[in-house]
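Student: I would like to learn how to read the features of a protein model, one at a time. Could you take me through a few of them?

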Amino acid sequence: MKKLKRHHETQNDDGTTDNPFEALTEELLFAILDFLDAEPSAKKSFSLVSKWFYTVEARHRRVLRPLRAEHLPALAARYRSVSEVDLSLCPRVGDGALEVVAGAYAVTLRRLDLSLSRRFTGSGLLSLGAGCGGLVELNLSNATELRDGGAAAVAQAGNLRKLWLARCRLVTDMGIGCIAVGCRKLRLICLKWCVGIGDLGVDLVAIKCKDLTSLDLSYVPVSFSLNLLLLDYLWVAKFGNVEEVTRSVEPAHVRGNWRISVFGCWGIGGDKKLVVQDGLASTLLNCSYEVQLITEKCLPSIFKLQHLEDLVLEGCYGIDDTGLDVNLLKQGCKTLKKLDISGCQNISHNGLSKLTSISGGLEKLVLADGSHVTLALADGLNQLSMLQSIVLDGCVASTEGLRAIGNLRISLGELSLSKCLGVTDEALSFLVSKHKDLRKLDITCCRKLTGSSIASIANSCTGLTSLKMESCTLVPQEAFVLIGQKCPYLEELDLTDNEIDDEGLMSISSCSRLSSLKIGICLNITDRGLAYVGMCCSNLKELDLYRSTGVTDLGISAIARGCPGLEMINTSYCTSITDRGLISLSKCSNLKTLEIRGCFLVTSIGLAVIAMNCRQISRLDIKKCYSVDDSGMIPLAHFSQNLRQINLSYSSVTDVGLLSLASISCLQSFTVLHVQGLVPGGLAAALLACGGLTKVKLHISFRSLLPELLIRHVEARGCVFEWRDKEFQAELDPKCWKLQLEDVMQ
């Protein structure tokens, strides 16, 4: 490349060059670059051809996705035409970084993603809102420190069309009210887990943002009176005069009166008795809570929205039948196409009937973890003539209810019954015989189903493109042959934890469009079955063989030969796989995710070959690969510059290997548990050297061995530590492991 570059840029006496590429117009080069958008490394190589190409590539780039916020000034100086900035890979984005973005792209910026970033305040957001008049999409999800002042700054972006505020738990009705008044052109707003927002805030959004097409209120807290007797253990950490009380479900801040989060619902007030010892608090509360939060009171304003197409009310427990006034609901919302009331267990078939009466054009209905699927509930769906998709995951279903869904005068394209209790052969067979146009079917963990159901599915729904049937353990081996014979258009197939054998795989291999195949915990398959898949399923992108212990290097080799576009493979606990299998996989240059956990015959030799040939690897799990040591880390550090996540637990890696990974600028997460060769000093050096870390999992024994200042410094850079008190675990025989799993599920 360097020789080519020097040759191309030789200047003549008159100042011109002999570079033949100079004759290509910018328009033509832009067209070439459009084809390279999916390959960042290819665009980088393109820019190195000549100064002209370097300049053109900078003008062409529209999307910026830096790994570090401190790189923004240099990037902004080179790339002047960017319209989308994605900072989700930058754990720490200060106000200065946002000011750089606002200054460089005041005219061109259209989209900004801060969904996993922290440290910015209302001041930085104000520079964006006031300076970038063309900003139409802003993602602030997980900005847990964002307050009403920051929300008021967002309100300055008056042209916003889409805004995500998921888990912005400190924003209240006041902040969201500012946004509603200032951003009246909003088409989409996500308030999922915004636990400080109640009826007033939602009401303001619905009244002021009349053009909304999508509204997500998932787990916005409910309204109820709670007499609470709570005896629990809470972690208490002091931040000035603020105490943060964290349960296993959701965090909550404490100021003055106690504020306790219970299943995402906030309570204020009450007596308290607190005993603190070594950071662990035992709390006894016996009090009454009055919570003013989202209820059906805000629904009238929502249903007056004339353009609303997507409404998500998942987990809004405060909405019940009594608050659903059918006459009031009929005022508008005729455009609704998707309604999600998952987990709204206080809405019965009566309430559902009221909700669905407002829009005969509803296309997707999500009722997961809600009311029982009965005849009455199904009858309430008769008025939905345009319904194409029903999700009933986690519901209790009666045979009469499922048969009634089968009799609906509609043509379903998608049906999900995942973990749905009560699904029988009789009910499912009748249902699929009536909805023969199904394209997607999910019967995961419907453990009563047998081969009769599979035969009905295969014979009735020949156009299926997606079938998920994990843990349907009563289905016999011969039933899987029917799937391959009758459903040739399958693109996604999940047969995890089933009795499928090589004959079944041979039949399924005729589904040449398969891009995702999950056959983990399938103890009857061998290399012979995988060979059929490799020969016929050349479009395969994802293959899961987790704990399918009959697979060896021969099967992996067949997959590698026949599926060159493979992007993800999981061979965890396939204990017969060796370096030969990895050497075969190295032919799959597009491989991005490799999980070989528990493949104890794999060594650093095989890993080195993967590193040299699969340079797109971004996720690597080598937990319990006991023979992988530092000699495997060195090639990774040199060749795998796209690596973002790695699990080194139980391996033979030492300080030297871990420290070598610091040269990977993309590295964001590593897990190191029970690594005998790791000492505190080496771990500390690695933590300092890996500047882009966002999450680190370590054994709790290191907590007291690392300097407190070091931990605080790494956390200040945006990294979260997860301390695990986990004992060393020996590996079980796979059949013994599966028997234990079945005992747990029964």
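Student: Leaving aside its neighbours within four places in sequence, which residues is I664 in contact with?

Tutor: Before that, please keep in mind that this is a predicted model, in which local features need pLDDT of at least 70, side-chain atom pairs count only at pLDDT 80 or more, and totals for chains, interfaces and linings use all residues. Residues are numbered from 1 along each chain as its sequence is written, and side-chain values use heavy atoms, with hydrogens and water left out. Contact means heavy atoms within 4.5 Å, and by that rule, leaving aside neighbours within four places in sequence, I664 touches L636, A637, S640, Q641 and L643. I664 lies in the loop between α25 (655-660) and β29 (669-672), where helices (H or I, at least four residues) and strands (E, at least two) are DSSP runs, numbered from the N terminus. I664 and R644 are 20 residues apart in sequence, and their C-alpha atoms are 8.4 Å apart in space.

Student: Is I664 buried or exposed?

Tutor: Buried means under 20% relative accessible area, exposed over 50%, and partly exposed in between, with a 1.4 Å probe and protein chains only. I664 counts as buried because its relative accessibility is 3%.

Student: Which residues of helix α23 are buried?

Tutor: Helix α23 (residues 604-613) is mostly covered, with 7 of its 10 residues buried, and these are S604, G606, L607, A608, V609, I610 and A611. The buried residues of α23 pack against α22, β26 (593-595), β27 (619-621) and α24 (630-639).

Student: What is the phi of D497, and where does this residue lie?

Tutor: The general idea is that most residues other than glycine have a negative phi. D497 has a positive phi, near 60°, and is a residue other than glycine; its place is in the loop between β22 (492-494) and α19 (502-508). Y573 is not a glycine either, and has a positive phi of about 65°, in the loop between β25 (568-570) and α22 (579-585). D497 is buried, with a relative accessible area of 7%, and Y573 counts as buried at 7% relative accessibility.

Student: At what angle do the axes of α15 and α16 cross?

Tutor: Two packed helices are described by the angle between their axes and the distance between the axes. Axes are lines fitted to C-alpha atoms, for helices over the stretch in contact, and angles run from 0 to 180 degrees between N-to-C directions. The axes of α15 (residues 399-406) and α16 (residues 425-434) cross at roughly 5° and come within 8 Å. Angles under 35 degrees count as roughly parallel, over 145 as roughly antiparallel, 65 to 115 as roughly perpendicular and the rest as oblique, and α15 and α16 are therefore roughly parallel to each other.

Student: Which residues of α15 and α16 meet?

Tutor: From α15, T399, L402, R403, I405 and G406 meet E426, A427, F430, L431 and K434 of α16. The residues of this contact of α15 with α16 divide into 5 nonpolar, 2 polar and 3 charged, where Ala, Val, Leu, Ile, Met, Phe, Trp, Tyr, Cys and Pro count as nonpolar, Asp, Glu, Lys and Arg as charged, and the others, Gly among them, as polar.
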